[in-house]
Amino acid sequence: MTKIQIISVFIIGLAIALIAFSGKDYSSYSTFQKASEAERKVKVAVELALEEEIYYEPMEDPNLFSFFAVDENGDKMKVLYAGAKPQDFERSESIVLTGKVNGEVFEASDMLLKCPSKYTDEEIKIKGEQS
């Protein structure tokens with residue numbers, strides 16, 4: 001084998017290894033329990049705990065937003081997000097948080113909101129009957 005072939009095989013092997021290891025933690029959603037055991041950032045699908053306090057004071061610190069969330073197992077945890085409060089946050093159906101647990105708090109570095117559907121099932125049914 002020539003030097004170019006050896007280097008090419010090495011680069012291809014390295015690329016395959018990087019792809020395999022980088023997607024490992026992001027393949028599925030985790031829970032708060034699993035996130036507290038993980039050493040790296042994980043994604044947790046949660047719902048907003050509306051009965052708990054939502055804190056955002058942009059005049060004091062515009063990059064501090066905290067709220068409580070409930071994961072799929074029913075575990076509730078305080079979430080700190082280093083960013084502004086998203087518009088229509090309280091109306092979101094579910095939230096996907098990326099981050100890690102630090103003590104009793106989930107520190108989110110990224111947040112993705114799933115907003116409610118624009119149309120309700122009844123509106124879709126009525127529009128379908130009119131067609």
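Student: How far apart are the closest N and O atoms in the salt bridge that glutamate 52 forms with lysine 76?

Tutor: A salt bridge here is a side-chain nitrogen of Lys or Arg within 4 Å of a carboxyl oxygen of Asp or Glu. Glutamate 52 and lysine 76 form such a pair, and their closest N and O atoms are separated by 3.0 Å. This is a predicted model, in which local features need pLDDT of at least 70 and side-chain atom pairs count only at pLDDT 80 or more, while totals for chains, interfaces and linings use all residues. Side-chain values use heavy atoms, with hydrogens and water left out, and residues are numbered from 1 along each chain as its sequence is written. For this pair the N to O distance is therefore reported under the salt bridge definition, at 3.0 Å.

Student: Which parts does the pair of glutamate 52 and lysine 76 tie together?

Tutor: Helices (H or I, at least four residues) and strands (E, at least two) are DSSP runs, numbered from the N terminus. The two residues are 24 residues apart in sequence, so their pairing ties together the loop between β1 and β2, which holds glutamate 52, and the part that holds lysine 76, strand β4.

Student: Which residues are linked with Lys76 in a network of salt bridges?

Tutor: Lysine 76 also meets the side chain of glutamate 51 in a salt bridge, at 3.2 Å from N to O. Lysine 76 lies in strand β4 (residues 76-81) and glutamate 51 in the loop between β1 (42-48) and β2 (55-56), so this pair joins parts that are 25 residues apart in sequence. The residues linked with Lys76 in the network are Glu51 and Glu52.

Student: Is glutamate 51 buried or exposed?

Tutor: Buried means under 20% relative accessible area, exposed over 50%, and partly exposed in between (1.4 Å probe, protein chains only). Lysine 76, at 40%, counts as partly exposed, as does glutamate 52, at 29%. Glutamate 51 has 59% relative accessibility, so glutamate 51 counts as exposed.

Student: Is phenylalanine 67 buried or exposed?

Tutor: Phenylalanine 67 is found in strand β3 (residues 65-71). Beyond its neighbours within four places in sequence, phenylalanine 67 has contacts (heavy atoms within 4.5 Å) with residues including Leu48, Ile54, Val79 and Phe89. Its relative accessible area is 1%, so phenylalanine 67 is buried.
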